[in-house]
Amino acid sequence: MDVDAGSLDAPGVGRIGESQLTSRLRAILSWPMSRERPTPVDPVQQLIRTHRGVHPHADISLLRRSYSVAERWHRDQKRKSGEPYITHPLQVAQILAELGMDTITLAAALLHDTVEDTAYTLPQLRADFGSEVALLVNGVTKFDKAHFALAEAESTRKMIVLAGQDIRVLVIKIADRLHNMETLDARSPASRARIAKATSEVLVPLCDRLGIQVLKAPFEDVVLRYVEPDAYKTIHETVERDRPQWNAYVKRIVDLGKESLRREKLDGRVIPRPRHYYTIWKDTKQAGSPRPINMPRVVVIIDGEEHDCYAALGAIHQRWLPIPGRFKDFIAAPKNNLYRSLHTTVLGPEDQMVEVLIRTEAMHRAVEYGVIARYRFPPKPGLFGKKNALPPEHTDMAWLKRALQIEAAAPDAVQFVQSLRCDLAEQQIQVFARGRPLLLPAGSTPVDVAYELSTRTGDRCVAATVNGVLTPLGAELHDGDVVDVLVSRDRNHPGPRPEWLEFVKSPTAQLRLSRRFSETDVPAGTVSDRLQIGRAAIGLALRRRDRALSDEQRLADLAQSLGFPDLDSLLIAVAEHRVRADVIVDQLIASVDASTDGGGIVTNPRRPAEPDRVKQHR
Ligand code: MN
């Protein structure tokens with residue numbers, strides 16, 4: 001996703017302008033590092049000012065107390081760079097303050113390394129600061145490596161479990177790592193590259209899953225800086241050199257864009273949207289260009305409803321010619337981490353290509369801040385009205401919930417972390433089942449969907465349709481597929497098949513199946529399975545015609561008239577694709593409709609919502 005670090009100036013919250021946060025994060029991460037920072041007389045002053053800028057009524061005494069306790073315990077410690085240790089928790093808290101996090105988070109950030117690195121204990125911290133701060137600090141405190149052979153895996157597992165209780169655990173961990181990346185300069189190039197790579201494997205995708213673009217972008221940039229230092233340097237120099245022209249050009253676009261909105265009587269703002277270095281690097285590589293490509297970009301933020309975005313798109317396209325094939329509608333079809341915006345590229349003044357993103361204020365907040373939006377913009381009912389409503393929690397917490405499910409199913413911490421890493425490394429697809437969206441690793445199959453719905457559904461699935469077409473259980477799914485899983489109601493259903501282990505992709509399915517087949521050796525009930533599949537295929541074909549079978553006699557009659565010894569032989573033939581279910585069903589309906597009583601087949605009043613409602617006829 002190509003969204004830059006940025007902030008927004010929404011009504012009712014302190015104004016931290018787009019450029020201010022971006023440049024602040026850039027300053028933290030700028031090349032080359034400046035090691036000297038002026039030491040203010042009151043070290044907490046800047047933190048308090050930033051925090052009050054977003055939350056004017058915040059209780060700052062908690063911040064002062066947290067700082068003084070942390071400072072006392074860390075007093076004799078130094079970082080690898082030689083700085084006093086306390087500069088690290090202070091900078092972590094500063095990053096979080098700029099993101100607009102709440103006072104509790106900042107207090108926990110100031111104290112986040114005390115329990116791990118000093119003699120200060122968690123019970124003591126709980127007594128001094130309360131259980132909320134203690135939970136957050138505990139979440140980022142690693143297990144003692146001397147006592148736990150599996151300290152790293154256990155630490156990660158603990159972090160995820162506690163993040164399930166309070167997402168701020170992860171946010172602090174991410175800010176901690178971001179600041180640690182800054183100070184990597186004190187290490188050898190090899191260890192910098194290794195840490196940068198590890199970060200890009202876990203924490204960058206984590207930011208993406210949690211939708212925190214404001215952290216993901218600086219992370220990507222700092223990783224690029226260590227992994228591709230030459231490319232980073234070239235991009236940095238080019239961007240700095242071209243900045244005056246870039247700014248002047250984008251200002252023209254902003255002014256003309258605003259005029260277009262006014263003409264259509266649309267409320268909203270147009271702001272510059274510089275690409276971050278990582279996206280410039282990606283664009284440049286993709287185009288195979290020798291020079292960095294830094295396409296001008298603006299975002300149109302509409303003060304209105306979803307449909308107003310399309311009106312704004314019309315207004316933009318009326319002024320500038322759209323480049324064919326570059327329009328993307330992530331409002332109608334959100335990206336799998338729920339990114340919502342319209343994207344278009346137009347031919348701007350002087351025949352230069354300009355990218356325009358269009359979204360509502362609410363979408364903008366959700367896109368930029370993801371799970372942390374609720375802290376930056378605490379809901380004030382009745383004050384802002386509906387358009388400022390945050391997305392419901394379940395949408396942006398979906399990934400974390402899944403991580404917790406994986407955790408619950410994993411036999412030990414090492415396997416959990418392995419599954420988690422795979423999950424984060426994989427490209428994701430979004431499919432729909434039982435009317436709800438599911439996020440799965442790319443290459444997932446209907447069996448993965450079944451296990452995502454429930455263990456029972458997975459264990460008992462016998463067939464599936466994808467976009468209405470009967471599809472093998474091991475077939476690869478694609479983004480946007482609609483999947484119907486058919487479940488056996490048979491008491492004697494033999495359960496899952498060991499060969500599923502060869503194709504399932506999701507951690508949920510993998511864990512379940514590997515556990516199952518290490519425990520028991522289930523015989524594969526082939527005939528019974530094939531009967532189920534055949535029956536399900538016929539049930540499905542009937543459903544597609546809005547019909548259902550109320551008794552099996554008609555089908556048995558048809559089987560005989562087609563020359564099958566009995567009904568089961570017909571069902572097995574269907575399952576083995578020797579006869580098509582559609583052909584059978586068409587003949588069945590024809591015979592029923594021709595007869596006077598119409599018996600055996602009923603017309604469905606409406607399509608059943610659940611696939612496992614397909615009738616079992618025994
Ligand atoms: Mn730390």
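**Close-up views of a predicted model**

**View 1. Helix α4, residues 87-99, end to end.** At 1.5 Å a residue, the 13 residues of helix α4 should span 18 Å, and the end C-alpha atoms are 18 Å apart, so expectation and model agree. The model shown here and in the views below is predicted.

View 2. Is α4 largely enclosed by the rest of the structure, or open? Of its 13 residues, 12 are buried, so α4 is largely enclosed by the rest of the structure. The buried residues of α4 run through His88, Pro89, Leu90, Gln91, Val92, Ala93, Gln94, Ile95, Leu96, Ala97, Glu98 and Leu99.

**View 3. The residue that follows helix α4.** Gly100 comes after α4. The phi angle of Gly100 is positive, near 90°.

**View 4. Cys207 and Cys309.** Cys207 has a relative accessibility of 0% and therefore counts as buried, the threshold for that class being under 20% relative accessible area. Cys309 is likewise buried, because its relative accessible area is 0%. A search of the whole structure finds 0 disulfides.

**View 5. The protein as context for the close-ups.** The secondary structure comprises 27 helices and 13 strands. The protein has 618 residues, of which 53% are buried. Where contacts link residues at least 6 apart in sequence, 70% of them join residues at least 24 apart.

Notes: Residues are numbered from 1 along each chain as its sequence is written. This is a predicted model: local features need pLDDT of at least 70, side-chain atom pairs count only at pLDDT 80 or more; totals for chains, interfaces and linings use all residues. Side-chain values use heavy atoms; hydrogens and water are left out. Helices (H or I, at least four residues) and strands (E, at least two) are DSSP runs, numbered from the N terminus. Buried means under 20% relative accessible area, exposed over 50%, partly exposed in between (1.4 Å probe, protein chains only). Contact means heavy atoms within 4.5 Å. The expected span of a helix is 1.5 Å times one less than its number of residues. A disulfide is a pair of cysteine sulfur atoms within 2.5 Å.
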